[in-house]
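Thanks for coming, everyone. I have one structure to walk through today. Please bring it up on your screens.

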Amino acid sequence: MKTVRAFLFSVMCLAPALPLLGDVPDWENEEVTGINKEAPRASVFPASDKTLSLNGDWKFKFSMTPDERPADFFNPSYSVSGWDTVKVPSNWQLYGYGTAIYTNVPYPFKPNPPKVMGEPPKNWPAYRERNSVGSYRRDFNLPVSWKGEQVMIRFDGVESAFYVWVNGRQVGYSEDSYTGAEFDLTPHVRPGRNTIAVEVYRWSDGSYLEDQDFLRLSGIFRDVTLFAQPQTHVRDLFLKAGLDREDYTTGVLDGTFTIRNSGKKDIPAGMKLNYSIDGISTKLNWEGRNGSGRVQTDNRGRLDSGTLEVPPIPSGGEVQISLNRKFPGVKPWTAETPNLYRVTYSLNGKDTRSVNIGFRSVEIADNGAVLINGRAVKFKGVNRHEAHPDYGRAIPREVMEKDVQIIKAHNISTVRCSHYPNHPYFYELCDRYGLYVTDEANCEAHGIRNSSMDISRKPSWKKAHVERNMSMVHRSKNHPSIVFWSLGNESGNGPNFEAAAAAIRAYDTTRPLHYCEFPHGHKAVDMDSAMYPPVDRVENWGKQKTSRPFFVCEYAHSMGNALGNFKEYMDAFESSPRMVGGAIWDFVDQSLRANPDGNGIYKPAPFKGVTQAYGGMFGDRPNQANFCDNGIILGNRNTTAKTKEVKKVYQYMAFERKDGSLSVRNKYFHKPLKGYTLYLVSLVPGGGHAVERMVLPEVPPGKSATVNLPSAAMRTGSLMVLADARFKLPEDVKELSAKQLEHVVNECEAYEWFPASAEKEVSVPPRRRCLLFPCFRGIPWSCREKVFPPPSKMGCFPPSGMAAGI
């Protein structure tokens, strides 16, 4: 146990939104990243009676420039009755204020770090909207039961910089749009009615680290929450839940609780921290045209409970107390078996809170493989932006859950949060459903990397790089789903990233570090990485003798109608221990629903628009047109042919027909194939495909089982094999039409097609491209000497992943 002093995350300032140092405003000073912000912590809230959501209606005023903003609107006497009303969370561009801008690399303002007010070309929106400002205001009633407690406020996401006032008094300032900002409101609130005002700047010096490949939107786009806690409370906790590496069946808990005394008096020894650890059973089932699935865990019963003694805490100080335990026979967490435990804790019986943990270990083997709980895994990943045509980046929880269900239903095991920490609830979903996560810091200076303006090499920007990484780590450190920390994206490789890596390693050694910009072998990170390498290069990297894993953080660029060489990439990953996988670019199209507004310009129109608009359609300059539409699913969450290809190539079962029998290999790394049904479909021209069922014997991870095929037609004829543990085809269905077969393919987890042994194929000479040619329903076809399954209807089809041409 040790005593540490509580600290604020930046400098004090009580003046309204005026320059902090001379003539330099806070939002153009890279060394001012926050004012009066609390230190970052794990995102855990008190019970519901001690929280109050400030989501909902806020009065709103849009100003084209900082000079035009209502400078004294934070005074309660200032009338906002004539202002518009907007919903929080939201992006103000979706309400018609300002211009939505899509740009990949170029900044949407004139770059000159840390300045954002320079004069851009006159045809850029930034020429007129020279750092627009959104002024938000609303009232709230402080619950009577909160009297005498510390009152806090948390903003989970505001883009890009903002000031806060309560009852006319300035509370603080914050940058970093994608991790939470907390402030202590205790000195500023009063019983009953209170007025809160928030002034949001579209751009700031922080925007130089937010040059991601996405739609540039603004505003309070994540939750705003008030909460109350005792003056002495558990401010933070870090529960490292690992496994003993001798057998990977004994849970090892290395926990630290940070307890703060915010009161004016010293606290003597004698307080007690009570805790309990209980298993969580999960039963998740979902169905729909965009994918179905099931996640079930049986993890009931209490693992542990106890009491920890708290030493004296001086006024304004903090102490840390440890919880170190071993638990033989725990149920480990993996993406395939997401077993969770709930840790509930309170201080002297008050302020009860809980957090979910999962016991799992992440290691790097001598051959470069990444081991989860002692077993080498391949990360079958996708990059995911927070994007929706009707909500912008203010993604509702139900949409987040739908995204996770689509991801799971299509055999994707891994999500890279590109390129910023996602909403806190997304990680809870990944814990419950079972997904590996690469959490990535909000650091991308793409438009100025490797130039004279490269801020990764400028000492004055070191603080921002380190803080953004550590804010991410502190917020999400207890989530078992997060297996890698990523320092950022496409932002140069200067010493500021080395400092960020050192800061993370000094705090958390349980997860490897990733960053694509460092040269291979760089000591600041634990793995090598690349974007969009050709397949042969992936194969060659796999042949290198090294203990460093290789993660292809972006590949299979999904713009258009295919991913391109996707199966070949997966084969290359599986050919080498160190090629641990990759992440498709990317999950969802980033368009906005919009209506024409004259002169070829479109305005966002959530839920009412006639089209989904992309870069350039909003009158935005610079822009990269439809380069934002790279998803394997559409913005409205409908799946595509690309989604089906991902599901097939990423599937966790391999089938082989030989000598009248069928071999089924389990490609899961931790989960047995248990309770699966095989559907054996004899394909014949014209439809009416006979189907038989067979129970698959249990198959351990990495092992195979062989079953005898029941008929001569299945042993030598054209055969489709499908497998699933959830989907049940009705017993009275003996034949399948082409449409029914398509439905079964979509529902089942894995499938394979075997041509008839004596079947004649339409041969096509090998060539770079394949002609469009007629394919008849029920007839297999070939291209580049490869055989493809029969289409479900007659038409003209190029092979999946190949361009049609002449």
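**Confidence, strands and charges**

This is a predicted model, and the mean pLDDT of the chain is 92. Of its residues, 91% reach 70 or more. Over residues 766-788, pLDDT stays under 50. The model still has 84 contacts beyond four places in sequence for that stretch. Over residues 790-806, pLDDT also stays under 50. There the model has 54 contacts beyond four places in sequence. Where pLDDT is low, the predicted coordinates should not be read in detail.

Now to β32, residues 482-486. Is this strand enclosed or open to the outside? Five of its five residues are buried, so the rest of the structure largely encloses β32. Look at its partners. Strand β31, residues 436-440, pairs with β32 in the parallel sense over four bridges. Within that pairing, Val437 has Ile482 of β32 as its bridge partner. Next, β33, residues 513-514. Two bridges join β33 to β32, and the two strands run parallel. Ser486 has His514 in β33 as its bridge partner. From β32 the chain crosses through helix α5, residues 495-507, to β33. This β-α-β crossover is right-handed.

Next, an antiparallel example. Five strands form an open sheet in the order β46-β43-β42-β45-β47, with antiparallel pairing. Its edge strands are β46 (735-736) and β47 (750-754), each pairing on one side only. Follow β45, residues 719-724. Five bridges hold the antiparallel pairing of β45 and β47.

On to charges. The structure holds 41 salt bridges. I have picked a few. Start with Glu386 and Arg222: their side chains meet in a salt bridge at 2.7 Å, N to O. This pair links distant parts of the chain, 164 residues apart. Glu386 sits in the loop between β29 (379-384) and α2 (397-409), and Arg222 in the loop between β15 (219-220) and β16 (224-229). Both residues, Glu386 and Arg222, are buried.

Second, Asp403 and Arg384. In this salt bridge the closest N and O atoms are 3.1 Å apart. Asp403 lies in helix α2 and Arg384 in strand β29, so the pair ties together parts that are 19 residues apart in sequence. Asp403 and Arg384 are both buried. There is a network too: salt bridges that share partners join Glu38, Arg235, Arg260 and Glu318.

Third, Arg300 and Asp298, with a salt bridge of 2.8 Å, N to O. Is Arg300 buried or exposed? Arg300 is exposed, because its relative accessible area is 67%, over the 50% cut-off. Asp298 has 40%, so it counts as partly exposed.

Last stop, Asp211. Which loop holds it? Asp211 lies between β13 (192-201) and β14 (214-216). Its relative accessible area is 0%, so Asp211 is buried. The side chain of Asp211 makes a polar contact of 2.8 Å with that of Arg216. Leaving out residues up to four places away in sequence, Asp211 touches Asn104, Val105, Pro106, Tyr107, Arg216, Glu444, Ala445, His446 and Gly447.

That is my tour. Over to you.

Key:
Residues numbered from 1 in each chain as written. Predicted model: local features only at pLDDT ≥ 70, side-chain atom pairs only at ≥ 80, totals over all residues. Heavy atoms only, no water. Pairing = 2+ DSSP bridges. Buried < 20%, exposed > 50% of the residue type's maximum accessible area, 1.4 Å probe, protein only. Polar contact = N/O pair within 3.5 Å; in protein donor to acceptor, adjacent residues only side chain to side chain. Contact = heavy atoms within 4.5 Å. Salt bridge = Lys/Arg side-chain N within 4 Å of Asp/Glu carboxyl O. pLDDT = per-residue confidence, 0-100. Right-handed = clockwise from strand over helix to strand, strands pointing away.
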